[in-house]
Amino acid sequence: MTGLHSFAQQKYTISGTVSEEETGETLIGVNVLIPEIQSGAITNEYGFYSITIPEGAYEIQLSSIGFASKIITVNLTENKVINLSLLENLEELDEVIIKTDNKKLNIRDPQMSVNTLNASTIKKIPVVLGEADVLKAIILLPGVTNAGEGASGFNVRGGAADQNLVLLDEAILYSSSHLFGFFSVFNPDAIKNITLYKGGIPARFGGRISSVLDIYQKDGNKKQFKANGGIGLVTSRLLLEGPIVKEKASFLVAGRSSYAHLFLPLFDNENVAYFYDLNTKLSYNVNENNKLFLSGYFGRDVFSISDTFSNTFGNATFNVRWNHLFTEKLFSNLTFIFSDYKYGLDLSLAEFNFDSGIRNYNLKYDFSHFLTDKVELRYGLNSIYYKFNPGELTPTGTGSGVNALKLTEKFALENALYLETEIKVSEKLRVQAGLRFSTFNRLGQEELFLYENGNPIDYNPIFDIYQKGTPNDTISYEKSKTIKFFSNLEPRLNVSYQLNDRASVKASYNRMAQYIHLISNTTSPTPFDIYAPSGKYIEPQLADQVALGYFKNFDNYSLEVETYYKKIQNRLDYIDGADLIANNAIEQIVLNGEGRAYGLELLFRKSTGKLKGWVAYTLSKSEQRTPGRTEIESGINNGKWYNSPWDKTHDFSVTGQYKLSRKWLFSSNFVFQTGRPTTYPSGQYEYNGIVIPIYEDRNSSRLAAYHHLDISATWTPKPNSEKRWKGEWVFSIYNLYNRKNAASISFRENRETNTNEAVQLSIFGIVPSVSYNFKF
């Protein structure tokens, strides 16, 4: 289409939201393009877009993977609000592998080191026990690993699990796994969009130094009542959604639970292990300029061994959000969030309970300002109040040998201001720059230990070991007082340069600050780990990361190559013999060190045709070093660099889907990872009749390589059925060739031969499963 608009000086703004036609669900990441003048926008987290262009007549193209493309004609003579909708394309939806912008925008966008997934992709990846899993899906991407089967959390670019910011509808989650890593806490039926930032992280995010996993729940169907769910061998789920006021207000409720423990008594097994979670959401369109959202999540894990031990833990969140449109160019979102992580331990045999947790109250105000068709600003503020409960011991019987003990509660306030902008410098060059200013107030507490020379850890040069320091005094602060104040400037920069219509190079830099720490002596998070705030003795972690990438699109394929280097300051590590349970002085067992990680990532994708999938490979190194504080001290591992617990030299995965017909879809994935670092004893000696092992350098050995092959087949008996009830069967086999991957290696004395032997613990062999999914 041609016209005089290219010469006109008067400009007007087209703005509105893009939603799914059948449900009214707003859509994230839709491309709203005007090819004639090479302008456009991408819908934000609430489906909003705004484009300012010269007056005239235009064709506007809308596209999003999983939906039928759409073209509308607009004659622009004034500012216009145009709310748009897209129709789900079921044939195209089956072809989704990794959802990205369309090819041309993908290479232009300065944002790099980011992957976006949708629920339909995740549901087609075969996993253990047949339950679709968000975390298992992202581990198939380059730069993302975990500690192995039965391990909680995930690791990004050589970082620890606690260095990932995990958000659900903007609420912070402190545990991302159920049943010690067998399942994730995310119900895929309730999820709208999943975005993982590994580098070049936008300035609106902060508080963690490795990655951001940003997840949004569905809003709920505003047009008609719908339900869907699934029944599996060990878990089942059900989601209900529908309008409260048609086209205006909606609800969503989704529940999920495991029930394998119900069958254990049949085998004379009195142990119990199960989880349940609940997702809820209310959405209300007040008018064209105002929308309200209330959403919540509640999840719990229960694990017990007979009548001697019981463990309950989980997340709970609640948030209220208000979207307001000041003008067609200024969008805002005000959010209040409550987040709570609780851990409870009941030791009936010892007759005591132990409870700990972390709670926060979070206020955010974010703005998106579309200044021109070439410049967009995002800015806002964020304030989080923390309450840390390190633990409380409570006797439960008269025979308990444990005295009541409440560890000192800790409090903190984290604030941040940010500004970020994206500028189209030229047709080939785009820049995304941002700055975040963060502060952290470690607030007063009832009792703070003081130490001689300010050192909570003593060094014994005779035995070359670190020992807990002995407090020589205590001091008490009011909650309103500040014990220690920190502030950091966190610059962010992304640059893309388009080489041609098919290829571009990108570069990024980001500095991140992290003020809370997960103190752990395991390779993956467990409920026994302790969260601790920065303060008088613990410095905040700081990370600087640079990345460089090459991106190329072919007709049916795409290639992404990225290399990165990350340097970390003030990475905590525990001293040998550290005891985390009921420790009222965490500063006595940790030392400040440093870390570094670097690597090369490759992602090759095929997203069209009957056979689709991707190949991902990462070559990387992740190390830590904790030198002595003085020339006399040896530090940890004699002050030498050593492999971090999550270092994986090689990480290779292949994921594929083949659509044989409308009734049959076959999927498979293969994963290979270098074995996890570990420390083995290298010798032993006897002292006063006690055999004492001598250990090699920390993490200088490795477990055997980790790998498995998984397959699944999805059968839809009546794909063309006009009935409301629709169902499908999913048959899957995890670890097809029955690989016994090592979760750990322990050493013991063989009583028959009186020799030491190594014992490998493996969690899964081959695991077949079947599940039935339905919707109506």
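Begin by selecting I14 and K80: in β7, K80 is the bridge partner of I14. The model is a predicted one, in which local features need pLDDT of at least 70 and side-chain atom pairs count only at pLDDT 80 or more, while totals for chains, interfaces and linings use all residues. Residues are numbered from 1 along each chain as its sequence is written, and side-chain values use heavy atoms, with hydrogens and water left out.

Next, select β1, residues 11-20. Strands (E, at least two residues) and helices (H or I, at least four) are DSSP runs, numbered from the N terminus. Is β1 largely enclosed or open? Of its 10 residues, 9 are buried, so the rest of the structure largely encloses this strand; buried means under 20% relative accessible area, exposed over 50%, and partly exposed in between (1.4 Å probe, protein chains only).

- Select β4 (residues 48-54): it runs antiparallel to β1, and 7 bridges join the two. Here F48 of β4 stands opposite T17.
- Select β7 (residues 80-81): 2 bridges join this strand to β1 in the parallel sense.
- Select β8 (residues 84-86): its pairing with β1 is parallel, over 3 bridges. S85 of β8 is opposite S19.

**A nonpolar surface patch**

Switch to a surface view and select F225, L238, L240, V253, Y276, L278 and F298, which make a nonpolar patch of about 530 Å². Patch residues have over 30% relative accessible area and no salt bridge, with like charges joined within 9 Å and nonpolar side chains (Val, Leu, Ile, Met, Phe, Trp, Tyr) within 5 Å. A salt bridge is a side-chain nitrogen of Lys or Arg within 4 Å of a carboxyl oxygen of Asp or Glu. Areas follow the Shrake-Rupley method with a 1.4 Å probe; for residues, only the protein chains shown count as cover.

Colour β19 (235-245) and β21 (272-287), each of which supplies at least two residues of the patch. Then centre on F298 in strand β22 (residues 290-305); F298 is partly exposed, at a relative accessible area of 34%.

**The whole protein**

Buried residues account for 55% of the 776 residues.

Terms used
Pairing = 2+ DSSP bridges.
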